[in-house]
Amino acid sequence: MIRRFSDIGSSPELMLKAARVLTETFTTLGNCHWPDLESALKEVEECIAAPNICIGLCDDSELLGWVGLRPMYEKTWELHPLVVAPHCQRGGIGGLLVAELEKRARERGIIGIALGTDDENDQTSLSRVDIDAENIFKEIANIRNLNRHPFEFYKKCGYMIVGIIPNANGQRKPDIWMWKDIRI
Ligand SMILES: CC(C)(COP(=O)(O)OP(=O)(O)OC[C@H]1O[C@@H](n2cnc3c(N)ncnc32)[C@H](O)[C@@H]1OP(=O)(O)O)[C@@H](O)C(=O)NCCC(=O)NCCS
């Protein structure tokens, strides 16, 4: 079994596979951002647009997962999205994708990566409290993973929580912002 990284924009076939993985994975999670192939394909097209980086990990003809990076600040770009096909999750694919993305970002002179990871489905302790000026930093410092929220995956990849947007997606549905200095 040979695994290799490919640019998602290198063929229409790969773009279609990326759209399938995106819609299947997020629909499985009960998330309605990309409910159908059409909306997912539109997202893929945006992700491959210059100067973005958008790479997938393939195994023979199957696309196992993919990740994108787009400008945010001059030297710090935003990771969006990251998706691993449901039957391949927890097999190291996400970690490989993030490491390869960081390598390619460094080659472009980028020094940091930021990302937002929503908690829309009561997956962390941050969605159990109303956030205000008094408790925000304590709640961030004491965050607990209640149901497989990906912030813990990103922490294992070296990302730290730098803030949250309380109620980003509705009452007690925050967006968790993370960042990593990718210089070695
Ligand atoms: C989150 C996601 C990208 C992780 O990719 P993956 O291939 O499953 O993760 P890996 O196997 O590389 O995991 C690396 C480490 O993170 C841990 N991890 C992975 N997902 C996790 C989660 N949801 N919660 C807690 N820990 C997690 C793994 O257990 C592993 O830990 P270990 O090194 O101690 O064994 C993948 O599960 C996914 O696509 N999920 C659905 C879409 C999604 O949530 N995308 C991110 C949106 S911001």
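Glu-24 is placed in helix α1, where helices (H or I, at least four residues) and strands (E, at least two) are DSSP runs numbered from the N terminus. With 17 C-beta neighbours inside 10 Å, Glu-24 counts as partly exposed, on a scale in which a residue is buried if 20 or more other C-beta atoms lie within 10 Å of its own, exposed if 12 or fewer, and partly exposed in between, the C-beta atoms being placed from the backbone. Glu-24 and Leu-14 are 10 residues apart along the chain, and their C-alpha atoms are separated by 15 Å.

The structure is a predicted model, in which local features need pLDDT of at least 70 and side-chain atom pairs count only at pLDDT 80 or more, while totals for chains, interfaces and linings use all residues. Residues are numbered from 1 along each chain as its sequence is written.

**Overall fold**

The protein chain contains five helices and seven strands, and from the N terminus on its elements follow the order β-α-α-β-β-β-α-β-α-α-β-β. For 184 residues a compact globule would have a radius of gyration near 16 Å, and the protein chain, at 16 Å, agrees with that expectation; the radius is taken over C-alpha atoms, and the globule rule is 2.2 Å times the number of residues to the power 0.38. Along the principal axes, the C-alpha atoms fill a box of roughly 50 × 35 × 30 Å. Of the 184 residues in the protein chain, 33% are buried. Among contacts with a separation of 6 or more, 56% are accounted for by residues 24 or more positions apart, two residues being in contact if their C-beta atoms, placed from the backbone, lie within 7 Å.

The 17 residues of α1 should span 24 Å at 1.5 Å a residue, and the end C-alpha atoms are 24 Å apart, which agrees; the expected span is 1.5 Å times one less than the number of residues. The buried residues of α1 are Leu-14, Met-15, Lys-17, Ala-18, Ala-19, Val-21, Leu-22, Thr-23 and Thr-25, and they pack against β1 (3–7), α2 (37–48), β2, β3 (62–71) and β4. Just after α1, Gly-30 takes a positive phi of about 80 degrees.

In soluble globular proteins, nonpolar side chains tend to be buried together. Here the largest nonpolar core has 42 residues, and those with the most contacts inside it are Ile-8, Ala-18, Trp-66 and Leu-101. Helix α1 (residues 12–28) supplies the largest share of this core, six residues. Such a core is a set of buried Ala, Val, Leu, Ile, Met, Phe, Trp, Tyr and Cys residues joined through C-beta atoms within 7 Å. Leaving aside neighbours within four places in sequence, Ala-18 is in contact with Ile-8, Val-44, Gly-56, Leu-63 and Trp-66.

**Leu-57 in strand β2**

Leu-57 belongs to strand β2 (residues 53–59), and it counts as buried because 22 C-beta neighbours lie inside 10 Å. Apart from its neighbours within four places in sequence, Leu-57 is in contact with Arg-3, Phe-5, Leu-64, Gly-65, Ile-93, Leu-96 and Leu-97.

**Backbone geometry**

| Cis peptide bond | Omega |
|---|---|
| Ala-50 to Pro-51 | about 5 degrees |
| His-80 to Pro-81 | near -10 degrees |

Pro-51 is in the loop between α2 and β2, whereas Pro-81 lies in strand β4. Arg-90, although not a glycine, has a positive phi of about 65 degrees; Arg-90 is in the loop between β4 and α3 and is exposed, with 9 other C-beta atoms within 10 Å. Asp-122, also a residue other than glycine, has a positive phi near 55 degrees. The place of Asp-122 is in the loop between β5 (112–118) and α4 (136–141), and with 14 C-beta neighbours inside 10 Å Asp-122 counts as partly exposed.

**Surroundings of the ligand**

The ligand is surrounded by 19 residues, the closest being Gln-89, Gly-94, Gly-95, Glu-152 and Phe-153. The elements that give two or more residues to this shell are β4 (76–84), α3 (93–107) and α5 (151–156). A residue is near a molecule if its C-beta atom, placed from the backbone, lies within 6 Å of it. By class, the shell has seven nonpolar, eight polar and four charged residues, where Ala, Val, Leu, Ile, Met, Phe, Trp, Tyr, Cys and Pro count as nonpolar, Asp, Glu, Lys and Arg as charged, and the others, Gly among them, as polar.
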